[in-house]
Each structure stands twice: as C-alpha cells, then as structure tokens.
Amino acid sequence: MAGHIYLGSNLKMYKTARQTQDYLLNLSMSIGDLSRRDLTVFIIPSFTSLDRARRTIHKGDILLGAQNMHWEDEGQFTGEISPLMLEDLGVEVVEIGHSERRHVMGETDAAVNRKTLSALAHGFICLLCVGETAEQKALGLSDETLRTQLKTGLWGVPTDSLDRLWIAYEPVWAIGVGGTPASEDYADGKHAVIKHCLSEMYGSVAGRVPVLYGGSVNRGNCDALAAMPHIDGLFIGRAAWDANAFNEIIRAVLPVFQRKQGMVK
Ligand code: PEP
C-alpha cells in the first residue's frame, strides 16, 4: 500500500513461549508512542508461542504472524498446522515460502501456491517470500527465478485478494548467519523486477502490494535500504530479536521511509 511502512521479524526456531512474551512486552512498550497510522509492525514467532503472544499483544499494536501453514483445513497430515488452527489462535499474517522452507525443507513452488491460495481464502494476510539462490544469481537467473516464483506462487490468486498480499524479497545468499547483505542498489533493482512482474499480472492494482526486503538487515544498512524507491518495508531476522535493537532500527528507518513517501518534508 502506497504511503505505508511495514517492519517485522520472523523469530524462526528461536525463543520459547516465555521468551517470546518477554520480547513482545519489551517491544510493545518501546514502540508504544509511535503512531500506527502509517506503520505496521508484525512479529512471526514459533507455533508454540502463538497463543501466549496473542494474549500478550493488543490487536493493531503488533500484528501476529505464523511461519507456515498447510493448505488443507484438516486431515491426515501429521506435524502440520492448518488454517483453522491459526484462525483459532488469532493469527493475522501467514508467512509462506520462506527460503528455509523452500531450500531446507524442500517446499516446492506448487506447494507454496496451494498455501498462498488457502491463506488468502481464509482471510489472512499472506506474506509470500521469494528470492534467488547464490547459484541462480551467478548464472544470471535472478530475475527469471523471481518471476517464476511469483507467477507460480500466485497462480489463481484473484485480484480482490491483493489487499492482503505482501511480498518479501529475500535473496537466499543474503539470509542468516554467513549471509551477505544485498547492497541497497541490488535489492532495489530486484524490488523493481518484482513490482514490474506483479503489474504485468494484475495491472495497476498491483501497486497496492507492498514489497519488503529481508536478508541480513542490521542497524548499519537499514537506513540505506529504507531510502530506496522500491522498498516498502523491512523483514528482519537476527538484528530484530532483541527488542531494544529492533526499536532502534524502527526509529532509525521511520523518518527515512516517511521522507521518501512524502509523509514529512
Ligand atoms: C530471514 O531469515 O528471513 C532473515 C531476514 O534473516 P536475517 O535477517 O537474520 O538474515
């Protein structure tokens, strides 16, 4: 959505329910004074922390997300979590296709598509993650990879669901321990590719879909990324897992996004 800022974190397989609660209490207190009119903050904890997290944060203060979801409402799928279970927990955002799901757990574009369709049909905000591997980048296939992931991941997604679609551009080589953060120019160029592909698929309404950058964002590079014209938000891992550190990043990038989006002079 134009003129809106999205900042969030995926806690991956870190933090128990108790640790998540402490983290969320700290974070909501530190950012309590910030207006949410133009700002959405979201946190995506582990499944086992969702219930405690829901009871800790107020709706509208910090959006609550889940890291994955099966596409079926119920069934013989041992170890999976269904959309009905997430609805029951008051989850608002579902992250689909994170690089660790795709490249460590073997999730295919087809599975990502079924999950995306199901998440949107159930009324969740779907945070669809896309990104090329180091090998695809080296072969000059980054743009093709992104376009393929978008076209297969969003196959059959109707235009009227776009209001609840967010995209995270997370180059696989940039994510996690050992990842190299993308330069702001490189990241911005790929955001432009993503936005162009979405507009080919959906026309001008695609402009409503925010595209967030993720991959080794930290206090040192967050301002430069936030200043880039095609970046609508930041999706942060390690650097946001300490509430004070995330608060610092949020306060650093807010004025940068606001200036860029013409909210303040
Ligand atoms: C992620 O895994 O989505 C991520 C962005 O992690 P990090 O910021 O730690 O690279």
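Me: Why is Ser216 called buried?
Reply: Its relative accessible area is 12%. Buried means under 20%, exposed over 50% and partly exposed in between, with a 1.4 Å probe and protein chains only. So Ser216, at 12%, counts as buried.

Me: What kind of model is this, and how are residues numbered?
Reply: The model is predicted: local features need pLDDT of at least 70, side-chain atom pairs count only at pLDDT 80 or more, and totals for chains, interfaces and linings use all residues. Residues are numbered from 1 along each chain as its sequence is written, and side-chain values use heavy atoms, leaving out hydrogens and water.

Me: Where is Ser216, and what makes its phi worth a look?
Reply: Ser216 lies in the loop between β7 (211-214) and α9 (222-226). Its phi is near 55 degrees, which is positive, and the residue is not a glycine.

Me: Is Lys12 buried or exposed?
Reply: Lys12 has 14% relative accessibility, so it counts as buried. Lys12 sits in the loop between β1 (5-10) and α1 (17-30). Its phi is positive too, about 50 degrees, although Lys12 is not a glycine.

Me: How do you know that Ser82 is buried, and what is it in contact with?
Reply: Ser82 has 5% relative accessibility and therefore counts as buried. Ser82 is in the loop between β3 and α3. Contact means heavy atoms within 4.5 Å. Leaving aside neighbours within four places in sequence, Ser82 is in contact with Met69, His70, Glu72 and Asp73.

Me: How do you know that the length of α7 agrees with its residue count?
Reply: Helix α7 has 12 residues, 142-153. The expected span is 1.5 Å times one less than the number of residues. That gives 16 Å, and the end C-alpha atoms are 16 Å apart, so the two agree.

Me: Which residues of α7 are buried, and why are they said to line one face?
Reply: Ser142, Thr145, Leu146, Gln149, Leu150 and Gly153 are buried. Seen down the axis of α7, these residues fall within an arc of 125 degrees, so they line one face of the helix. The arc is taken from the directions that lead from the helix axis to the C-beta atoms. The buried residues pack against several elements, including α5 (109-121), β5 (125-130) and α8 (184-202).

Me: What makes β3 and β4 a pair?
Reply: Strands pair if DSSP finds at least two bridges between them. Two bridges join β3 (residues 63-66) to β4, and the strands run parallel. Gly65 stands opposite Val93 in β4.

Me: How many bridges join β4 to β5?
Reply: Four bridges join them, and these strands also run parallel. In β5, Ile125 is the bridge partner of Val93.

Me: Which way do the residues of β4 point?
Reply: Val93 and Glu95 point one way from β4 (residues 93-96), Val94 and Ile96 the other way, and all are buried. In a regular strand, side chains alternate between the two faces of the sheet.

Me: How do you know that the radius of gyration agrees with that of a compact globule?
Reply: The rule is 2.2 Å times the number of residues to the power 0.38, and the radius is taken over C-alpha atoms. For 265 residues, a compact globule would have a radius near 18 Å; the chain has 17 Å, so the values agree. The C-alpha trace spans about 55 × 45 × 35 Å along its principal axes.

Me: What share of the chain is buried?
Reply: Of its 265 residues, 53% count as buried.
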